[in-house]
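Please look over the sequence and the three-dimensional model below before reading on. The briefing that follows takes up individual positions, the nonpolar core and the packing of helices.

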Amino acid sequence: MNTIAMGTSMPAAKSHAGGRYYRRFGPIERVMHAFLMLTFIGCALTGVPLLFADHAWASGLVRLMGGFQGAALIHRICAAIMTVVFVGHVIRVFVRAFMAEDWLSYFWGPNSLVPNLKDGQDIVGMFKWFFGKGPRPQFDRYTYWEKFDYWAVFWGMFIIGGSGFMLWFPMFFAEVLPGWVFNVAMIVHGEEALLAVGFIFTIHFFNGHLRPEKFPMDLVIFTGRLPEHELKDERPIEYARLVEQGRLAEIEAPTPASEAVLFSRILGSIGLVLGLITIGLIIFSALT
């Protein structure tokens, strides 16, 4: 996955301030993302210190959370909530697919997060664009890096979550698994979690918030709405399809209230700052 994302330049984006807004995410998606974000940060802040227990900052952070017992309790609560959110999302996807008129289109249509041939073409096209060998790819509702982020959660839940539950309930799993599996689970859980933390707090943060056209923060996942110029410039294929189908007015939404924007910025800033501090501590510990 490439770390550089396309989009409108920041001056151009700011020049279109105001105007129409369109609904991109509903309340359920936004609430689920909020829980996923908060519980992931909670797991990171309570789990990463164990990997760097010989550093002063790790022991200090653990003390702030009530010692190792307190950190373990917070870690498990966050893991349990994250699992419930993930399972709820999967159930919701299949229920909506079952209720759809065309379930195949639900999974393979333009609004699907399932990777397709165009995503591969867009990756190649982006590399060509980076080096001035072709035009910038035109994107639909979801870009290839957004799909990568989405499916990375599934990998993390099965690998990190699966190994974590084995370590949480060793007596239960020991009834059917040999002892050496738990040694593997401990290594996998820590290393994969560190990889996930590194990815989310660098690549995902950059694509979602820190690239120039989004800096300092993209609020769409918090407010659920994006301005018309972003829909036109960043997702022209989706915009053209909505215009052709006459469905643009269906998703038009009011301008986000100032209170909602302020709350979104506060919540997003907390996550951003905690994530960047965590990745900074990891880099510092790895170097020293």
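In which helix is the place of Ile28? Ile28 has its place in helix α2, and the model in which it is seen is a predicted one.

- Ile28 and His89 lie 61 residues apart along the chain, and their C-alpha atoms are separated by 9.3 Å.
- Val90 belongs to helix α4, and at 23% relative accessibility this residue counts as partly exposed.
- Between Val90 and Ala185 there are 95 residues of separation in sequence, and the C-alpha to C-alpha distance is 24 Å.
- Phe68 is also placed in helix α4, where its relative accessibility of 52% makes it count as exposed.
- When residues up to four places away in sequence are not counted, Phe68 touches Leu50 and Val62; the C-alpha atoms of Phe68 and Leu50, which are 18 residues apart along the chain, are separated by 9.1 Å.

**The largest nonpolar core**

- In soluble globular proteins, nonpolar side chains tend to be buried together.
- The largest nonpolar core of this model has 39 residues, and the members that touch the most other members are Val197, Phe201 and Leu231.
- At least two residues of this core come from each of several helices, namely α2 (27–51), α3 (56–64), α4 (67–99), α7 (144–168), α9 (180–210), α10 (220–223), α12 (236–245) and α13 (258–287).
- Helix α2 gives the most to this core, its share being six residues.
- Leaving aside neighbours within four places in sequence, Leu231 has contacts with Tyr22, Leu226, Pro236, Glu238, Tyr239, Leu242 and Leu248.

**Packing of α9 with α13**

- Two packed helices are described by the angle between their axes and the distance between the axes.
- For α9 and α13, the packing angle is about 135° and the axes are 10 Å apart, which means that α9 is oblique to α13.
- The crossing that α9 and α13 form is left-handed.
- On the α9 side the contact is made by Leu194, Val197, Gly198, Phe201, Thr202, Phe205, His209 and Leu210, and these meet Gly271, Leu272, Gly275, Leu276, Thr278, Ile279 and Ile282 in α13.
- Sorted by class, the residues in the contact of α9 with α13 are nine nonpolar and six polar, with no charged residues.

**Packing of α6 with α7**

- Helix α6, which spans residues 117–130, packs with α7 at an angle of about 120°, and the two axes are 9 Å apart; therefore α6 is oblique to α7.
- Asp119, Asp122, Ile123 and Met126 are the α6 residues that meet Tyr144, Trp145 and Lys147 in α7.
- By class, four nonpolar and three charged residues take part in the contact of α6 with α7, and no polar residues do.

**A cis peptide bond**

- Most residues other than glycine have a negative phi, and most peptide bonds are trans.
- Phe215 and Pro216 are joined by a cis peptide bond, for which omega is about 5°.
- Pro216 is found in the loop that runs between α9 and α10.

Note on methods
Residues are numbered from 1 along each chain as its sequence is written. This is a predicted model: local features need pLDDT of at least 70, side-chain atom pairs count only at pLDDT 80 or more; totals for chains, interfaces and linings use all residues. Side-chain values use heavy atoms; hydrogens and water are left out. A nonpolar core is a set of buried Ala, Val, Leu, Ile, Met, Phe, Trp, Tyr and Cys residues joined through side-chain atoms within 4.5 Å. Buried means under 20% relative accessible area, exposed over 50%, partly exposed in between (1.4 Å probe, protein chains only). Helices (H or I, at least four residues) and strands (E, at least two) are DSSP runs, numbered from the N terminus. Contact means heavy atoms within 4.5 Å. Axes are lines fitted to C-alpha atoms, for helices over the stretch in contact, and angles run from 0 to 180 degrees between N-to-C directions. Angles under 35 degrees count as roughly parallel, over 145 as roughly antiparallel, 65 to 115 as roughly perpendicular and the rest as oblique. A crossing is left-handed if the near helix is turned anticlockwise from the far one by less than a right angle, and right-handed if clockwise. Ala, Val, Leu, Ile, Met, Phe, Trp, Tyr, Cys and Pro count as nonpolar, Asp, Glu, Lys and Arg as charged, and the others, Gly among them, as polar.
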